[in-house]
Amino acid sequence: MYRFFVPDGQIHQGCAEIAGDDVNHIKNVLRMEQGDPLVISCGQGTDYYCIIKDIRSDQIDLEVEREVPVRTELPLPITLFQALPKADKMEWIIQKTVELGAVEIVPVRTRRCVVRLDESRAAKKRQRWQTIAEAAAKQSGRGIIPAVHEVVSFTEALRYAAQLDNCIIPYELFDDMAETQKTIGNICAGTSIGIFIGPEGGFERGEIEQAMREGVAPVSLGRRILRTETAGLAILSVLMFRIEGENDGSLFG
């Protein structure tokens, strides 16, 4: 069933409205008609199952048939601090990390980043990235639209991460898998998680040391060297499995 996000003020007393760009998408791309079902969410933990009551030039009127608590969000919020990769890799990273459950993506400038964005280009990129996050949230049935932040420095990212309960940084020179398993296990008992992923070429040792001084724990992703667009997905997948398994009582191992 097609899914759309709307502001909370557009859902009221058994009715709802969809406005903006989604109107054209519903009318002219999906070619939906009066009586067709769809799902809307305002990002507050509830899905609204609706049918189309009327299609106007600038608005879709809906009748809310039932309200269902969102079950697609992880019980713990995960923030991805992603160093800027080359080309269009960031778009793919955002799409997939949203599908896996991240609630925030923070693009980070690190010393080995090849990409350099001025203020104007960074603003345009962020707008594009946020659009991708919204599309991925719709496709994967998320209850919220994850926020893509403005590009920040590594130091600024660490400062932002200080408000989180647990932070990890995969590092290819850290090969203690037993310690990694212990760290991951402890993270699942916390209330918020930050993941730092380096660019092509990885983090400089000085950045790793700086992160560790700020309480960010190094972890291993195994004996293989993963690309920047793979590393975040790997650790997010591990966390998603452990958190959801632990939450519903099916975790084993």
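Which residue forms a salt bridge with Arg3? Select Arg3 and Asp47: the two form a salt bridge, their closest N and O atoms being 2.6 Å apart. (A salt bridge is a side-chain nitrogen of Lys or Arg within 4 Å of a carboxyl oxygen of Asp or Glu.) Arg3 lies in strand β1 (residues 3–5) and Asp47 in strand β5 (residues 46–55), so the pair ties together parts that are 44 residues apart in sequence. The structure holds 11 salt bridges.

The model is predicted: local features need pLDDT of at least 70, side-chain atom pairs count only at pLDDT 80 or more, and totals for chains, interfaces and linings use all residues. Residues are numbered from 1 along each chain as its sequence is written, and side-chain values use heavy atoms, with hydrogens and water left out.

Next, select Glu172, Gly202, Ile225, Leu226 and Ala231. Of the 24 residues lining the largest pocket, these lie nearest its centre. (On a 1 Å grid over the protein atoms alone, a pocket is an open set of points with protein on both sides within 12 Å along at least five of seven lines; lining residues have an atom within 4 Å of a point.) Now colour β12 (193–197) and α7 (228–248), the elements that give two or more residues to this lining. (Helices, H or I, have at least four residues and strands, E, at least two; both are DSSP runs, numbered from the N terminus.) The most comes from α7, with three residues.

Terms used: On a 1 Å grid over the protein atoms alone, a cavity is a set of points where a 1.4 Å probe fits but cannot get out, and a pocket is an open set with protein on both sides within 12 Å along at least five of seven lines; lining residues have an atom within 4 Å of a point.
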